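Reader: I'd like to go through the aromatic side chains in this one with you. Could we start once the model is up?

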Amino acid sequence: YPAGGGKNLFDYKSYKSKNSNIEITISGDNVRMYTTSDGEYRGLKYESFTAVAGTSYTGSFTLNTYVSGVMTFGLRDASTNKFLVSKTVTNTGSYSFTYTPTANVEIYPSILVTNSSILSGDITFSKVQLEIGSTATEYAPYSNIRPISGWTAACPSDGDLYAEILRTYL
């Protein structure tokens, strides 16, 4: 696994940005997002990384509480912000998706919720995971299992150290 993470490559507690209209609480492996009846999307954006051509990435999550509207977890193209793959759900349960790029592409994980009815309330989900492979496996929390200290690293010519690690070790 790449340095810094275990099987789960996605630290969903460390989002890069969020909509100003979102109310979110993260406790342990559970995420609570409050929705209102305005139909607006509320979401979280995460750091981008280079998805390597021919490598499969599988995302998975469990939707625990649902009011109305939708919950979406997926991978977006960093240059266009369009979803390349996603899973949009309206019922509680466990879900997954798989994405295998045909060329290297800069992507970022994204989680959205919306409420499109007169109801307001919490949408809660847990066990959010992004892993390398074509099948969702049992959830494991993100962990920094290999902290790096005391190293001097030279970046590859394209500047993408994560992609270089994947090319070298996978």
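Reader: So where does Phe 61 fall, buried or exposed?
Author: In this predicted model, Phe 61 has a relative accessibility of 2%, and because the cut-off for buried is under 20%, Phe 61 counts as buried.

Reader: And how many aromatic pairs turn up in the whole structure?
Author: A search of the whole structure gives six aromatic pairs. One of them joins Phe 61 and Phe 73, whose ring centres are 5.9 Å apart with the planes at 85 degrees, so this pair is edge-to-face.

Reader: Which strands do Phe 61 and Phe 73 lie in?
Author: Phe 61 belongs to strand E6 (residues 57-65) and Phe 73 to strand E7 (residues 70-77), so the pair ties together parts that are 12 residues apart in sequence. Phe 73 has 0% relative accessibility and therefore counts as buried.

Reader: What about the rings of Phe 73 and Phe 97?
Author: Their centres lie 5.2 Å apart and their planes are at 65 degrees, so Phe 73 and Phe 97 also form an edge-to-face pair. Since Phe 97 is in strand E9 (residues 93-99) and Phe 73 in strand E7, the pair ties together parts 24 residues apart in sequence. Phe 97, at 6% relative accessibility, counts as buried.

Reader: Which residues do the ring pairs link into a cluster?
Author: The cluster linked by ring pairs consists of Phe 10, Tyr 46, Phe 61, Phe 73, Tyr 95 and Phe 97.

Reader: Switching to charges, which ring does the charged end of Lys 45 sit over?
Author: The charged end of Lys 45 sits over the ring of Tyr 108, at 4.8 Å from its centre, while Arg 76 lies over the face of Phe 83, 4.2 Å from the ring centre.

Key. Residues numbered from 1 in each chain as written. Predicted model: local features only at pLDDT ≥ 70, side-chain atom pairs only at ≥ 80, totals over all residues. Heavy atoms only, no water. Phe/Tyr/Trp six-rings, centres within 6.5 Å; stacked < 30°, edge-to-face > 60°. Helix = DSSP H or I, 4+ residues; strand = E, 2+ residues; numbered from the N terminus. Buried < 20%, exposed > 50% of the residue type's maximum accessible area, 1.4 Å probe, protein only. Lys NZ or Arg CZ within 6 Å of the ring centre and 35° of its normal.
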